[in-house]
Amino acid sequence: MYGWLSDACDDSSHVVTASRRLARELKARYNQQQFAAGRSAWRTPTILAYPDWLNRVTVAAIRDDQPTRINAQQSRVLWERVLGSAINDPLVNITSLARQARDAWKRIHEWGVPFDEILSSASGADQRLFAKAAIRYRSLLESENWVDDALLVAYVIDRVRDGQLCLPSRVAVAGFDRTTPQVEELFAALKEQGTRVEQMDAKVTGNVRLLAFENSDAELRAAGAWARAQLNENAGQHIAIIVSDLEQNAGRDGRLIREGLVPGWQYATGQQEAAANVSFGRRLSDYPAIRIALLLLRWSCHELSGRDVSLLLRTPFVGNAEIAGRARLELELRQSPDRQWSPAVLSRALQGREDSEDAADWLARMSSFAEFRESIPKNASPARLAELIDTILREFNWPGNSALDSADFQLVNRWRELLNDLARLELVSPGMTMPQALAHIATMTAETVFQPEMEGVAIQVLGPLEAAGLTFDQLWITGLTTNQWPPAGRPMALVSRRLQRHYGMPDADPRDTAAYASRVLGRLLGSSTTCLCSYPLTEDDADQTPTSLLGSIAGEAISDDPGWHAAALCSTATARIINDDPVPPVSVDETVAGGAGTIQRQLSEPFAAFAYGRLGITQLRPITAGLSPILRGNLIHGAMFHLYEDTPAQSDIRNWDATEMERRIESAVQRAFARYERNSDRVLGELLALERQRVAMLLGNVIQVDRERESFSVDAVEASVDFSLRGVRLKLRIDRIDRFDDGAIAILDYKTGASKKFLDSAGDPVDVQLAVYACALPNPVAALALYNIDSRAVALNGAGRDSMNVAEWEESLSRWAEQVERAAVELAAGDVRVRFWHNVRDARALNLLSRYGELHRDA
């Protein structure tokens with residue numbers, strides 16, 4: 001394997017590869033060859049990817065008039081500038097268009113297209129725009145004596161022909177499936193100066209088989225299982241799996257291959273998961289640590305939504321390692337309506353809500369950050385802004401306290417390289433604002449595909465182009481269908497198609513696309529002595545056939561699918577029903593959560609009562625824009641509490657004149673809303689002002705209803721009651737208790753949504769909440785009622801001695817008390833029954849614990 005390598009790496013030779021992956025592979029193989037030859041030390045070979053080789057030979061050209069090299073990011077900024085000056089449409093994505101223009105600019109230079117033909121052949125608005133922008137871009141480069149990646153090769157060719165470069169005696173070229181006219185001209189110039197240029201790709205003749213599978217899932221699992229079998233035979237083999245559309249579904253493809261390679265990899269060690277090295281990485285911005293960094297940096301010049309702040313509070317990538325206190329701060333954040341939060345406002349809003357060490361640390365960092373924001377200059381050099389960005393991340397302890405493994409370390413280093421690229425923008429953009437700098441960083445991370453180098457890799461999973469120049473002991477090529485081979489062509493949109501065809505540019509003609517795909521496939525088939533090819537018979541419900549590029553290779557019968565590892569466990573594992581592990585009864589010192597709601601859950605769904613009441617499960621309140629129904633209800637409850645907190649009698653309420661009533665309503669509303677208005681932004685402030693008016697109107701309607709009732713006095717509001725029934729201890733909070741002249745009481749519960757009824761058609765409570773309250777209080781109960789307080793209606797709905805005779809009322813109270821007691825007995829005993837008559841939607845919240853779906857299916 002790579003028998004030519006030792007000879008090609010003599011002292012005066014360079015090896016130039018089409019990709020950095022191939023360069024790394026050849027360096028590793030060369031070192032193995034030297035070690036196998038018994039050498040203990042050897043000269044480091046010059047093996048470089050083509051772009052890196054160009055950089056190396058350019059450095060040797062020292063001239064007084066040598067142009068300044070600009071990199072891809074600097075080039076993008078220039079393209080954005082020239083395109084932005086020509087486009088006034090705010091809907092046009094200048095960054096995306098600049099990327100296309102940069103690629104088209106490089107392509108026309110690679111194929112030697114004369115500049116005047118670009119403009120004369122332009123047939124549409126986009127092509128004319130590119131041609132004119134290219135003229136301005138070229139003029140800008142010439143005026144500043146800059147050279148970009150597209151012009152670098154021409155510069156090197158000129159220096160080679162001028163004899164101003166120190167050239168090797170030989171250049172060995174490897175891995176080029178297609179050489180551009182520009183590259184061919186460079187090689188020709190090298191030959192003119194006496195350098196031998198040799199194509200070193202080795203093609204082996206091997207056995208090729210074609211397999212068919214039911215679908216692509218089965219195909220990839222089988223490829224993984226095949227690789228495992230090969231490694232079991234010989235662990236030292238160099239094995240690869242080629243996946244045709246890897247760049248589109250790298251994550252999914254990798255998981256399916258691991259399913260066959262390492263069955264059960266999901267619960268294995270990270271090393272076993274990395275056994276299949278999927279070569280196609282992710283965009284840098286898709287890595288969680290980088291996404292958090294970008295989010296935190298955006299906070300330096302913009303306010304963040306509650307959802308974004310929630311991420312920063314919960315992430316381990318910033319702050320201390322301990323996040324329990326910050327998580328509780330996040331729960332406090334959910335109590336407030338969503339808004340755009342600045343660090344200063346959020347710090348004030350959360351101050352004093354949590355006293356844990358990590359929460360205090362986070363609040364201190366936010367306070368310092370708020371001050372730091374004020375010191376950020378409005379305009380500064382990119383290098384200065386890169387320093388400020390790094391300072392912000394260091395102050396927040398990014399990327400966290402956890403020890404970095406090799407992949408994390410490489411990720412952080414790649415981020416720092418991008419910060420260096422940002423600093424280098426000073427050459428083409430001497431000054432910019434922080435938002436502009438962050439926009440550049442965001443673009444860089446979105447364009448940069450990153451994959452850490454992994455150790456302990458058993459097999460490589462590659463795309464067809466990434467395997468260029470590589471050779472293997474065993475190879476499997478997947479996805480060889482007519483749809484995939486040849487792939488759809490991608491000609492440039494910014495250059496005339498006719499001009500592209502005339503100069504033979506890639507994908508300008510379907511025949512070129514097919515010919516190139518044939519070369520790539522031929523190269524893959526010749527890169528291993530044993531090569532398995534495969535294709536799925538169906539894909540997305542469409543029948544598939546093998547590509548005609550395989551020629552006369554005959555397909556074999558449908559091959560077996562190894563299947564899912566989890567499914568295989570079902571055939572070997574036996575279910576064991578555990579009957580000797582019941583839920584323990586409620587203990588003497590146990591307090592059941594959820595109040596009266598837990599008793600109602602016990603009656604309707606015992607498992608939910610156990611989960612919420614005894615396990616203490618709570619559902620996270622969603623972060624919602626505007627005023628959520630829960631918040632609006634809390635505002636009304638708060639205002640009602642403050643309205644009657646001095647427990648007035650009905651006679652007092654009737655004696656309030658218009659001025660007094662307005663004063664009391666205004667005071668109650670003010671005290672209920674103060675907490676939320678204190679931390680509101682302009683939009684939320686407007687919404688709260690409207691809600692203020694609505695709540696004030698509702699309080700006036702409540703007063704009017706209370707004035708017309710039977711004589712009473714308010715006995716308590718928001719009354720806290722400790723209640724114990726049959727061993728179940730509950731903490732209750734009763735909205736309001738009114739006392740009649742004879743000492744009997746009415747228990748009221750506020751309902752702020754759609755109007756609700758207390759009794760169903762059978763005369764029983766729809767919800768036993770009020771019945772629980774009646775059981776908890778020692779006073780005789782004359783009435784139980786829901787106080788519906790809503791813009792549609794303000795009215796009482798309940799039952800009592802005024803709606804039925806006394807005997808009937810006492811019998812009803814006794815019957816409801818028996819229901820409450822029965823529920824308490826069942827709850828105390830450890831009842832966890834799952835009721836099958838619930839629908840799936842109601843059961844979904846606890847389905848992972850109750851297994852409602854499986855129980856319902858198997859019943």
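Here is a walk through this structure, from its packed cores to its cavities and its charged pairs.

The model is predicted, so a few ground rules come with it: local features need pLDDT of at least 70, side-chain atom pairs count only at pLDDT 80 or more, and totals for chains, interfaces and linings use all residues. Residues are numbered from 1 along each chain as its sequence is written, and side-chain values use heavy atoms, with hydrogens and water left out.

Let us start inside. In soluble globular proteins, nonpolar side chains tend to be buried together. A nonpolar core here is a set of buried Ala, Val, Leu, Ile, Met, Phe, Trp, Tyr and Cys residues joined through side-chain atoms within 4.5 Å. Buried means under 20% relative accessible area, exposed means over 50%, and partly exposed is in between (1.4 Å probe, protein chains only). The largest such core has 84 residues, and W79, I108 and F130 have the most contacts inside it. Helix 7, residues 125-144, gives the most to this core, with eight residues. Helices (H or I, at least four residues) and strands (E, at least two) are DSSP runs, numbered from the N terminus.

Which residues is W79 in contact with, once neighbours within four places in sequence are left aside? They are A98, A101, R102, W105, F130, A133, A134 and Y137, where contact means heavy atoms within 4.5 Å. Another core lies apart from the largest one; it has 39 residues, including V586, V721, I737 and A823.

Loops can be followed in the same way. T478 sits in the loop between strand 13 (474-477) and helix 21 (497-502). Is T478 buried or exposed? T478 is buried, with a relative accessible area of 2%. Leaving aside neighbours within four places in sequence, T478 is in contact with E219, L220, A223, I241, I242, V243, S244 and S534. V262 belongs to another stretch, the loop between helix 11 (250-261) and helix 12 (270-273), and V262 counts as buried at 13% relative accessibility. From V262 to A227 is 35 residues in sequence and 9.8 Å in space, C-alpha to C-alpha.

On a 1 Å grid over the protein atoms alone, a cavity is a set of points where a 1.4 Å probe fits but cannot get out, while a pocket is an open set with protein on both sides within 12 Å along at least five of seven lines; lining residues have an atom within 4 Å of a point. Grid points are joined across faces, edges and corners, and a volume is the space filled by probe spheres set on the points.

The structure holds two cavities of 30 Å³ or more. The largest cavity has a volume of about 70 Å³, and its lining includes R334, Q335, S336, P337 and R621. By class, that lining has four nonpolar, five polar and two charged residues. For these classes, Ala, Val, Leu, Ile, Met, Phe, Trp, Tyr, Cys and Pro count as nonpolar, Asp, Glu, Lys and Arg as charged, and the others, Gly among them, as polar. The second largest cavity holds about 40 Å³ of space, and S336, P337, R339, W341, R675, Y676, N679 and L684 line it.

Finally, the charged pairs. Side chains of opposite charge can pair when their charged atoms come close. A salt bridge is a side-chain nitrogen of Lys or Arg within 4 Å of a carboxyl oxygen of Asp or Glu, and the count by this rule comes to 55 salt bridges. One of them joins E185 and R161, at 3.3 Å from N to O. E185 lies in helix 9 (residues 181-192) and R161 in helix 8 (residues 149-161), so this pair ties together parts that are 24 residues apart in sequence. E185 is partly exposed, with a relative accessible area of 34%, and R161 is partly exposed too, at 38%.

R709 and D706 form another salt bridge, with their closest N and O atoms 3.2 Å apart. R709 counts as buried at 14% relative accessibility, and D706 counts as buried at 0%. Salt bridges that share partners also join D7, R170, R196 and E198 into one network.
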